[in-house]
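Dear colleague,

Please find the structure below, together with its sequence. I would be grateful if you would read the notes that follow alongside it.

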Amino acid sequence: MLLLSATDVLAPWFGEMYPMRFFSSIANDTLWTGVPGDYTNPDAPSVLSNVRKLVDEGHYAEATAAAFGLSDHPPEAYQPLGNINLEFDDSHLNYTSYVRELDLSTATVKVKYNLGDVEFTREHFSSNPHQVVVTKISSTKAASISFIVYLDSKLHHQSVANSANQIVMEGNCPVKRRPPKIKLSENSNGVRFAAVLDVQIGGSNAMVQVMEDRKLKIDGADWAILILAASSSFEGPFINPSESKIDPRSESIKTANSITNLSFSQLLAYHLDDYLNLFHRVSLQLSNASDNIKKTKLKLLKDDALLSTAERVKSFKIDEDPSLVELLFHYGRYLLISSSRPGTQVSNLQGIWNKELEPPWDAAPHFNINLQMNYWPSLSCNLSECQQPLFDFIASLAINGAKTAKVNYETSGWVAHQVSDIWAKTSPDLGDPVWAVWPMGGAWLCTHLWEHYTFSLDKEFLENTAYPLLEGCAAFLLDWLIKGSDGYLETNPSTSPEHRFVAPDGKTASVSYSSTMDISIIREVFNAVLSSAEILGKSDVDLVKRIKTALPKLPPTRISRDGSIMEWAQDFEDPEVHHRHVSHLFGLFPGHTITVEKTPDLSKAAANSLYKRGDIGPGWSTTWKMALWSHLRDSSHAYVLIKQMINLVDPDHEADFEGGLYSNLFTAHPPFQIDANFGFSAAIAEMLVQSTQEDLYILPALPRDKWPRGFVRGVKARGGVTLNISWKEGQLHRASLCSKAQSSLTRLHYNGKVAAVRFSCRKIYIFNQHLKCLKTTSIIEGTFL
């Protein structure tokens with residue numbers, strides 16, 4: 001599927017930098033290196049037996065060394081399709097009044113500048129309904145549009161322009177991860193692709209000429225419209241590209257030709273209708289400002305009175321402009337809409353915005369926080385449709401993961417580890433067990449299936465999609481658990497993602513047994529299966545009975561000597577107390593086993609863990625900590641992390657930074673990873689609304705002194721509820737709740753007050769600051785929800 005968000009022409013490494021020379025990166029999320037693979041290792045069972053024996057004997061460093069034998073090959077790498085290049089003559093160097101902006105409220109980019117008294121405009125958008133990227137170039141003076149356009153790619157490719165005002169580019173991805181230095185014809189077994197650029201012009205004297213066989217030269221036009229379509233030979237994770245029946249060239253030409261009768265205005269109207277249906281579901285105001293430009297537009301400006309986005313980020317440490325928080329919240333929602341829709345691939349480590357043949361960490365979906373964080377805002381921020389690629393991906397993982405589980409671990413069910421790719425890799429990564437040996441990736445992903453049900457109450461989804469995948473995951477977990485010497489069931493080998501410990505013998509290791517995160521995830525999955533089985537009338541099946549027997553035998557979450565949550569089954573010395581991961585706090589968020597109300601001692605220990613870890617960390621770590629502090633009801637500390645996040649990163653010296661934002665608001669690890677953009681939106685939502693299936697907490701972590709007045713509308717909560725909330729002088733003013741289905745919520749919470757509630761379908765309930773219901777009305781079709 002062709003995907004190019006308008007963000008591309010805002011990114012420092014993706015788009016237009018000068019009016020004279022313009023390029024826009026184009027992405028197709030099915031372009032990856034490699035082919036379907038074998039994700040099994042027949043030697044793994046013997047290695048596993050040895051590792052378990054060493055762990056049982058307390059030889060953790062030796063077990064860590066032996067666990068290298070469980071690793072497999074690395075994932076494949078996501079690839080950039082190419083660039084649309086525009087070249088203008090030297091007169092465009094003498095520009096004034098240059099403005100470049102991304103409007104989140106329309107998902108369009110606009111560039112304006114003057115040459116003398118003539119204003120030039122470029123408008124860009126990516127159309128999901130028609131699967132094309134559209135650019136319009138115009139000016140205030142007739143016959144003044146002249147430029148050269150061509151396509152190119154870092155991948156092996158060839159490009160040809162024709163007299164039909166089209167450029168056709170064809171190429172392929174490498175079969176191996178490293179880009180081979182061979183000709184296209186000698187390396188055609190990887191994913192093949194094609195892109196077609198159609199040029200339309202207006203004006204009585206306008207002309208188009210073919211240059212150098214691969215470029216088009218436009219002269220004397222009143223306007224020009226560029227339409228780009230692209231396709232690939234990818235047919236799914238189980239079909240080798242060499243066996244694909246898809247002809248990318250024909251598909252691309254077909255897509256481009258299908259809209260030749262549609263005007264720019266018509267294409268834009270279809271795009272807006274599609275995009276606004278998602279984006280406008282939620283609104284947020286944290287300030288008194290009514291200037292929508294500050295809330296929805298990212299700007300690069302020259303000769304303009306308004307601040308650029310980069311300047312706003314710089315000044316946040318001083319002015320703490322709440323409209324910038326609003327902008328960053330909506331930006332995450334925009335990016336999710338732009339990178340994950342039904343029919344696309346999952347949003348990967350860089351969303352879709354990768355410019356490199358060898359991207360950092362392969363731009364691959366990572367399962368020990370990153371992919372999950374990408375989808376955190378999908379439910380609370382009212383974008384549930386954007387989860388569909390994740391569910392499709394989990395279904396593919398279950399197929400390959402069943403083979404991995406059977407061969408590698410001699411278990412039933414299915415498993416996935418720490419990283420994957422478009423081919424649904426389920427075996428361990430290549431390399432150090434500290435990250436590679438972690439068979440809980442698929443289990444964490446499965447919690448998203450249950451969460452989707454708790455928000456939507458979609459029983460058909462639960463029965464047909466979620467439960468079969470949860471069932472297979474739970475079957476693996478039951479077989480993976482073994483009886484430990486203390487009588488508890490344990491996981492062995494076990495790691496806490498990417499973190500090491502000092503064993504009692506003084507040696508550094510990463511492999512032991514029953515890490516807190518392992519057990520927390522297993523407990524979440526088991527509870528999800530039990531709840532699902534009760535809803536679906538499956539409580540008597542053997543799997544459910546086995547889970548009921550196993551659940552009380554899982555070890556409890558323990559508190560260490562220093563008062564923090566123990567990260568491992570033993571209170572090992574931590575050689576890196578400020579480590580970026582906070583995996584042992586999974587039970588607080590996104591899990592549900594640690595709560596302020598029900599487990600106050602563990603909540604206090606979780607706070608101690610966060611103090612111990614510190615605030616400094618990569619972008620995704622910062623936003624995870626924001627959500628964790630929110631669930632501890634500590635709005636002040638959550639806000640401290642907002643300030644830490646909004647810090648301008650210099651891409652030329654990014655190694656000097658931890659977290660932060662680039663000038664286009666992409667979040668930094670560094671380098672660029674998109675997960676924190678999504679994590680920020682989700683964390684803001686958690687500050688304003690938290691829920692379980694029975695309880696809903698209104699403004700649980702609102703920093704009242706920073707945002708004393710505001711509102712949020714259209715956010716979602718568990719129990720199938722949609723909320724509108726407003727507050728004044730730091731106190732709740734009104735809360736409106738409604739549900740299309742029979743909600744499971746029974747209690748409302750605000751500022752220590754609790755009210756018992758019972759909701760009827762398609763009714764709106766309006767509450768005041770005392771949680772007194774002021775009014776009940778029926779939903780008018782098409783409103784509120």
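Predicted model: local features only at pLDDT ≥ 70, side-chain atom pairs only at ≥ 80, totals over all residues.

Residues are numbered from 1 along each chain as its sequence is written, and side-chain values use heavy atoms, with hydrogens and water left out.

Helices (H or I, at least four residues) and strands (E, at least two) are DSSP runs numbered from the N terminus, and two strands count as paired if DSSP finds at least two bridges between them.

I begin with an open sheet. Its six strands follow the order β15-β23-β24-β25-β28-β29 and pair in the antiparallel sense. β15 (283–285) and β29 (773–778) are at the edges with a single partner strand each, so one side of each has no neighbour in the sheet. From one strand to the next, the twist averages 20°, with axes taken as lines fitted to C-alpha atoms and angles running from 0 to 180 degrees between N-to-C directions. Within this sheet, β23 (residues 710–717) and β24 (residues 721–728) are antiparallel and joined by seven bridges; Val 715 lies opposite Leu 723 in β24.

Strand β14 (residues 223–232) has nine of its ten residues buried, so the rest of the structure largely encloses it; buried means under 20% relative accessible area, exposed over 50% and partly exposed in between, with a 1.4 Å probe and protein chains only. Strand β7 (residues 132–139) runs antiparallel to β14 and is joined to it by six bridges, with Ser 138 opposite Trp 223. Ten bridges pair β14 with β11 (residues 192–202), also in the antiparallel sense, and Ala 194 has Ser 231 of β14 as its bridge partner.

A nonpolar core is a set of buried Ala, Val, Leu, Ile, Met, Phe, Trp, Tyr and Cys residues joined through side-chain atoms within 4.5 Å. In the largest one, of 226 residues, those touching the most other members are Val 149, Phe 526, Trp 624, Ile 642 and Ile 684. Helix α13 (residues 459–480) supplies the largest share of this core, 13 residues. A second, separate core has twelve residues, among them Val 196, Ile 227, Ala 229 and Ala 256.

Finally, 14 of the 14 residues of helix α19 are buried, so this helix is largely enclosed by the rest of the structure.

Yours sincerely
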